[in-house]
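Subject: Structure for you to look at

Hello,

Here is the structure I said I would pass on. Please open it alongside this message; my notes follow below.

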Amino acid sequence: MFTSSFLKEASLVFILAACSAPKAETISTPPLEQNANQSVAGKVVQATVITDTVQFDSDDPAIWVNPKNPAKSLIIGTDKDAQGGLYVFDLDGKIIPEKTVKNLQRPNNVDVEYGLLLNGKPTDIAVATERMTHKLRIFSVPDMKPIDKGGLDMFVGETTEGYRDLMGVSLYKNKAGKIYAIVGRKAGPQDGTYLWQYLLEDDGTGHVKATLVRKFGEYSGKKEIEAIAVDDALGYVYYSDEGLGVRQYYADPEKGNKHLALFATKDFTRDHEGISIYALTDSTGYILVSDQEANRFMVFTREGTASNPYEHRFLKSVNVSAINSDGSETVAVPLGKKFKHGLFVAMSTDKTFHFYPWEDIAGKDLKMIK
C-alpha cells in the first residue's frame, strides 16, 4: 500500500496527496447511497495500458513510486503458481526481465513499503506471500534482490489445514518509522485471530527478520480473507471478509484489537476482494473494493462522518475492463503524462494487469489531485 510514510523520503519533484494535502479538483458532488447497480448505467472504463502476460496466473499488484522520476515507477505483480514469480512492469506495461523474480512457490499477494532500515540505510521493500512454503518473501526495490535469507516462516505452530497457507499481506509504517506486515491465510479461526501482525527489522546482518506482535481480526466463516489494505496516514487496516463485507481495525498494535467498522455489505455480487485507497489529503479520499464477479469496483468515502468517524459512505460503482479482479492498487501521485492525477491498477484473470488513469475511474463524480 502506497501511503504517507513514503512522503518524508520522497523527492520534491512531485506532491503526494497523503502527506501534503494538495488541492483537489472538484468534478461534482457525488450522490450518496445510490444503488450500485444503477450508478454507471453499464458504461465500462477501458484500461489505457494492459501489461504483457505473465506465465501462469496473475493475482495481485503493488506500485513502487520512483522518488527521483515518478514516470519511471514500477508495477510489481504476482504470478500465482507452484512455479510462479513476481513480475515487474514499467508504466507502459512491459515486463522488465532483469527485475522479475521467478521460481517462487505460489506467490499470492504483494505489497510495497518505503525506508526499512537495513545496515543503517533506508531500503524500499516488496513483500510477497509464498503460500506453499508458508513464508514471507522480501525483496529490496527497485533491484528486486532477496533480503530474507530464503523467507520468513509465518503462522508458526498452527496445525489446522489451510491455517498456514499464506494469502493476503499489507504493510504498515507507523509515525515512528517501524514497519509491520499484516498477513492473512487461506483458512483461519473465528475467534478474532485470523490475521497475524509481524514487526519487520534488520536481523543484524542486513537481512529482514519478523517478530510476531499480535493476532487479530474477526471472521464470519462464510468464505475466506485475502484482500488487506493499510492506510498509513490514518493508521487503519481494512480487509475483505469475503461474502460479508469490509472490516476496519487500528493498524497500530498498541491501539488494541477493537473492531471499528463493517461496511460494503450491500449490492456485491458475491465476493468482496481487492481493496485500495486513493488519498486526496491527509484524511480524505476514497476506498475502492472489488466486486469480483461483476467486473466492477465499489467506491466508498475514506473519511467518516461527523457523527461516526468509521462510517464509509457508498459513492458509486465503476465497471472496468479487468476480468474478475481480486487484486488492485491505487496511488494519488502524478506519474508522468499518462497518469498525471494518479494511477489505478487492477489484476485481470487473462494473465495481465490493467492500468487506468485516476481521472477515468473518477469520471464526473469523484475528485482528483492536481
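His-134 sits in the loop between strand 9 (121–130) and strand 10. In this predicted model, its phi is near 65°, a positive value in a residue other than glycine. Asn-103, also not a glycine, has a positive phi of about 60°. Asn-103 belongs to strand 7 (residues 101–104), and it counts as exposed because its relative accessibility is 65%, where exposed means over 50%. Most residues other than glycine have a negative phi, and most peptide bonds are trans. The bond from Val-141 to Pro-142 is cis, with omega near 15°. Pro-142 is in the loop between strand 10 (135–141) and strand 11 (145–146).

Arg-137 pairs with Asp-148, with the closest N and O atoms 2.6 Å apart. Arg-137 is in strand 10 and Asp-148 in the loop between strand 11 and strand 12 (152–153), 11 residues apart. Both residues are buried.

Lys-149 pairs with Asp-203 at 3.2 Å between the closest N and O atoms. The two lie in separate loops, so the pair ties together parts that are 54 residues apart in sequence. Lys-149 is exposed, at 58% relative accessibility, whereas Asp-203 is partly exposed, at 28%.

Lys-223 pairs with Asp-271, the closest N and O atoms being 2.5 Å apart. These residues are 48 apart in the chain. Lys-223 is partly exposed at 36%, while Asp-271 is buried at 5%. Lys-223 and Asp-271 are also linked with Arg-270 and Glu-293 in a network of salt bridges.

Regards

Conventions:
Residues are numbered from 1 along each chain as its sequence is written. This is a predicted model: local features need pLDDT of at least 70, side-chain atom pairs count only at pLDDT 80 or more; totals for chains, interfaces and linings use all residues. Side-chain values use heavy atoms; hydrogens and water are left out. Helices (H or I, at least four residues) and strands (E, at least two) are DSSP runs, numbered from the N terminus. Buried means under 20% relative accessible area, exposed over 50%, partly exposed in between (1.4 Å probe, protein chains only). A salt bridge is a side-chain nitrogen of Lys or Arg within 4 Å of a carboxyl oxygen of Asp or Glu.
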